[in-house]
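Hi,

Here is the structure I promised to pass on.

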Amino acid sequence: MDSHAHDVALIGTGSDPDDPDFSGFAMAYHHAEVYQRLENCELVACADIVPENAAAFAETFDIDEGHTYEDYQRLLTEAEPDVVSICVPPAIHADIVVDCARAGSVDAIHCEKPMDLTWGGAQRMAQICWRRDVQLTFNHQRRFKPSWAEARDLVDSGKIGDVERVELAPPNIYDWGTHAIDFVGFVTGDRPAEWVIGQIDYREEQQWFGAHNENQAFGLWEYDDGVQAVISTGVGGSFVPALFRFVGTEGTLDVDPDGESETIRWRQYGEDWEYRAIEEGEWTEPIGDAIEHVVDCLETGAEPELSARKALNTTEIIFGIWESARRRGRVDCPLEIDDNPLHAMVESGALVPEPEPESSSE
């Protein structure tokens, strides 16, 4: 394939890469650095509702001033990119993805996680991209984290027999938890859930990128092959001495045991633990690995590890836990809702979290 075969555009180019904050951690810069080093990609345009953000981004990556936009729809019409990376808050993911898919020129969309602020929006994105034959992926890049990928390989090799149960304890179930629940799917075969049951506590307002996240949660779900997973977040969340524990018919495997990052351990029943720590020289850049994989799949036609189909499995579990809390009972899948149950409970007054303290102006 010829050099610079794919024209790439970025939508959402804040914040300051030298001082990243909760407005986006400058994710567009991380995406662009990868595209820039790929021989078959060329950065051609960018857009941000804050013109200064787009101008700074364009200067950093040598994008022509004429292809620097405040209106992303103008970008789609005038620049006609082949690939678009979307690095904006989740509340507007669906609208932008749908517009990109309808533009006609776009072959692939790589969007930041979580999928969308609502279950309906997540489904709408996946459906239109499927109809328009546009490759849609979400940046669950931790699938490429060396210790996580090696843990999956060990499970696949039969080190602990057949997985029967997974236990996980991430900080929350939406912003960080989307990575964690996605990883469980990655290891157990990317299957949909049959049912979900959960409960949450939300007494202190906690928002990430404009989206509410519970303070504490407990959830249980079962995949369609019978494997079950249980999640706990917040106060008292870690009920196993690891970030993840995979329990199989012949043994157990832990990821990040006892707070040891980039470490996995496993044992067959009756045997001692075996440990594997990823050394510094083995570390890779998961975002880079993810985007390189996305571009490669665009060329080969293979389903990406980060596909919308797989992300929907994760997102349904997240909204299923919140819907179970709203309904006060188990919910069966597929979910029969379109909204965001946590946001709806806050807006209706069913949950009244104390506002976040104002940040200091100093």
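Strand 12 (residues 228-233) is largely enclosed by the rest of the structure, because 5 of its 6 residues are buried. Buried here means under 20% relative accessible area. Do keep in mind that this is a predicted model.

So who sits beside strand 12? On the parallel side there is strand 7 (residues 163-168), paired with strand 12 over 4 bridges. Arginine 165 stands opposite glutamine 228 of strand 12, and leucine 168 has isoleucine 231 as its bridge partner.

Strands 11 and 12 make a hairpin with 4 residues between them, and glycine 226 in the turn has a positive phi of about 95°.

Zooming out, these strands belong to an open sheet of 9 strands with mixed pairing, in the order 16-15-14-13-7-12-11-8-17. Strand 16 (274-277) and strand 17 (331-332) are at the edges with a single partner strand each, so one side of each has no neighbour in the sheet.

Two helices are worth a look as well. Helix 7 (residues 177-188) packs on the sheet and touches strands 7, 11, 12, 13 (242-248) and 14 (251-257), its direction making about 165° with that of strand 7. Helix 9 (residues 308-327) lies across strand 8 (193-201), strand 11, strand 12 and strand 17, at about 60° to strand 8.

Cheers

Key. Residues are numbered from 1 along each chain as its sequence is written. This is a predicted model: local features need pLDDT of at least 70, side-chain atom pairs count only at pLDDT 80 or more; totals for chains, interfaces and linings use all residues. Side-chain values use heavy atoms; hydrogens and water are left out. Buried means under 20% relative accessible area, exposed over 50%, partly exposed in between (1.4 Å probe, protein chains only). Two strands pair if DSSP finds at least two bridges between them. Contact means heavy atoms within 4.5 Å. Axes are lines fitted to C-alpha atoms, for helices over the stretch in contact, and angles run from 0 to 180 degrees between N-to-C directions.
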